[in-house]
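Hi,

Here is the structure I promised to send over. Have a look at it first, and then read on for what turned up.

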Amino acid sequence: MTKKILLEHAGVSGIETFDVYRKQGGYTAVEKALKTMTPDEVVEEAKKSGVRGRGGAGFPMGMKWGFLAKPEGVPRYLVCNADESEPGTFKDHYLMKTIPHLLVEGMIVASYALGAHKSFIYVRGELLYVIAILEKAIEEAKAQGFLGKNILGTGYDLELVVQPGGGAYICGEETALLESLEGKRGNPRNKPPFPAVKGLYQSPTVVNNVESIANMPWIINNGGEAYAAIGIGRSTGTKLISASGHIKKPGVYEIELGLSVDEFLNSDEYCGGIRNGHHLKALVAGGSSVPILPAHLITKTATGENRLMSYESLSDGGFATGTMLGSGGFIVFDETACIVRNTWNFARFYHHESCGQCSPCREGTGWMEKVLHRIEHGHGSMHDIDLLVDVAKKIEGNTICPLGDAAAWPVASAIRHFRDEFEWHITHPKEATQPGAVYMGDSILV
Amino acid sequence: MEDTKPNVVKITFDGIEVEVEAGTTIMQAARRIAEADGTQAHLVPPAMCYYKPLEGTGGKCRACLVKVAQGSAKDTRPMPKLVPSCITQVQDGMVVENTTNPAVLEARKGVVEFLLINHPLDCPICDQAGECHLQDFAFEHGAAQTRYEEERRTFEKHDIGPYIQLHMTRCILCYRCVYTADQITNQRVHGVLNRGDAAEISTYIEKAIDNDFSGNVIDVCPVGALTDKTYRFKNRVWFTKPVDAHRDCPTCKGEVTLWCRGEEVIRVTARKNQWGEVQDFICNTCRFDQKKTSDWVIEGPTKVQRSSVISANKYRADLVKKPDFALKLASSQYKAIDDSRPYVTDPDTIRQQSVENNDKANHRSLLAENN
């Protein structure tokens, strides 16, 4: 059994209520932090823990906190990014609806560390019922004196606000989220200035993922060093993985970073292997925006080492033979999945979600979708493949925010690893457009 | 010594060193180089969305991306990605590559292509042709052919108010008109609706843009998306003659450019500088209602850049300094004709030489085919 930090008490009945959560040792971190530690000591523990941003970028959270500007007389804000909308990722959703108090407790500790007196949880607009759960949890915590004025008699005030988003994927990008939170159109901002200097309402702001913040209570209770002891190398702690696709047991799993991909994929404790009678074809390891991997690069890296569920191991080999841990959206494909159709589906998503502010992403995502649509529907030509590679290259790195990269990577990697499948779609339009037809090298599955 | 002042920084732009105040953007530093030496104007990164007089513009079109090969004297690492030069501030010792970096030119070519895939390529019937920034940008940095085979995005034309027509099909979403309405007029009633490539400039409820300075959105529009209804389709811009003029206006500074055909004023716009930016925004009365020469005090012909089609056929040849590059080129390429071969008059020899030459030519073309 792996060490559980976030989902330790997930199975306890009534854990969503304050009383049960408190009985399981909840809110002790708030007591410990506010009564016995200074804010800087809390930041220090976060730094020691080495916990990295769980939203996808993997930037060390303690270091991010360290960058926060602290000018006199200017309020500071903590914003929790709960706008989880990446296809294949549903861990924050599960965490918030199951143990809402864990996030609330984490928010109190983190806000205290950063000196924020008003903090926000920006929740994806579609998750209305989760917003209700969070608001109830906040009410309960307030009634028990863990939120509001003079928390636990320590003189620290904190107001926690849950803000529903409008349902745009782009608002998961931190500066677009801040714009949206300010009541404006959710367009990402140009950086610099970074939010740590000028964020929400032009004040220093930290934006953290739900899962990152939910780690804080455990880190305070057990110490940053104890947290850093879990995991492997610079991938410390545990990670929630949203497993989906053609596996026997899809769901949210908490794993210790450093678990082998093979074990996660095939052991009965986790995914339970590929669904009956089928075999592995491809894997998207960290949500739809990371590069897709073909079967032979999933459990082993290009150099023949075991691939592990960690930031470093998954990105081993760069984008040529590796991918990213990203947000932990683990999407498994068996041989019945058509890569061209899947790539088109992803491209369609990014086209739909591009904010339209900067030209490469606004025009490029739509272009890629149209070309992929053509190939998928039997109207492609051979030069379309190189066209896609070139368009992806011209979007990547040239946009204001990472949505451009996120749109370009899946397309570029699918062509890199499954070029023959794209070519088959173009040379055999009749076969390829049969419902459910999938190219399998020497045969066709219909 | 100037260098010892902490507020002056030195940067290298395409191999040219320039000193500017701290806080200047790379774009402004490049423009400084071009203003000091007109022959370097081609080094300045193109700007489709950035508009210096409007605060907050820039960073959107990605046309001005440059490579920062060295971040500063202290931190000599290059920046990992191309950066938008219009909003990136210079650091002391920064080394910037624009036209000298193939990756920059490639990315820029990409931006032209992206901006054009949904833009109608019908310059011959567009009112902006001849003074269109996108036209210039595509001409200077783009490819001659498109790789886009799909249907283009189109919109209906909308009249927004009695003077302005919006044709979204041509829009490149630079947001300049939005910033103009925010910063120049006292109320903004239009904005960007929807997202992605479905985004459009709109007044949402078909409201008229109606205030004293609304006409300025026409001047800031880099393409033919926002056009002057009092001028639309009256003339091509290169058939009109721009003259600077002013009047005593109670609302604005009253300094404008009149676009004339003979004695007739067919259009009034604000004055633009070398970078196509309006310095003094003008009011709607000046722009739309004062269309008689008698309304204005004429100052003289507007300076138009030689490269612009607007200057075509406007100025007498004897008044314009001839470019000396052609003469220089000619003198550098000049070679005396080699006339040392013997002069042949005998018809038989001529015939024989002709046959030999023919054989040689055949032999050469055979070789070329085989290779």
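Let me start with strand β4 of chain A, where both faces are covered: T205(A), V207(A) and N209(A) are buried on one side, and V206(A) and N208(A) are buried on the other. With 5 of the 5 residues of this strand (residues 205–209) buried, β4(A) is largely enclosed by the rest of the structure. Its link to strand β1 (residues 77–82) of chain A is a parallel one, made through 5 bridges. As one example of the pairing, V206(A) in β4(A) is the bridge partner of L78(A).

Please keep in mind that this is a predicted model. The predictor assigns the complex an ipTM of 0.91 and a pTM of 0.89. For chain B, the mean pLDDT is 89, with 94% of its residues at 70 or more.

Now to the place where the two chains meet. Chain A brings 23 residues to the contact and chain B brings 25 residues. On the chain B side, helix α2 (residues 102–117) gives the largest share, with 6 residues. The side of chain B that touches chain A is made up of 14 nonpolar, 4 polar and 7 charged residues.

From α16(A), the residues S359(A), P360(A), E363(A), G364(A) and W367(A) meet G110(B), V111(B), F114(B), L115(B) and I117(B) of α2(B). Sorted by class, this helix contact holds 6 nonpolar, 3 polar and 1 charged residues.

In helix α1 (residues 26–36) of chain B, the buried residues are I26(B), M27(B), A29(B), A30(B) and R31(B). They pack against four strands of chain B, namely β1 (8–13), β2 (16–21), β3 (65–70) and β5 (95–97).

Finally, chain B contains an open sheet of 3 strands in the order β6-β7-β10, paired antiparallel. Because β6 (157–160) and β10 (226–228) of chain B stand at the edges with a single partner strand each, one side of each is left without a neighbour in the sheet. On average, and ignoring direction, neighbouring strands here are turned by 30 degrees against each other. Between β7 (residues 164–167) and β10(B) there are 3 bridges, and I164(B) stands opposite D228(B).

Methods
Residues numbered from 1 in each chain as written. Chains lettered and ligands numbered in written order. Predicted model: local features only at pLDDT ≥ 70, side-chain atom pairs only at ≥ 80, totals over all residues. Contact = placed C-beta atoms within 7 Å. Helix = DSSP H or I, 4+ residues; strand = E, 2+ residues; numbered from the N terminus. Nonpolar A, V, L, I, M, F, W, Y, C, P; charged D, E, K, R; others polar. Buried ≥ 20, exposed ≤ 12 C-beta atoms within 10 Å, placed from the backbone. Pairing = 2+ DSSP bridges. pLDDT = per-residue confidence, 0-100. Axes fitted to C-alpha atoms, helices over the stretch in contact; angles between N-to-C directions.
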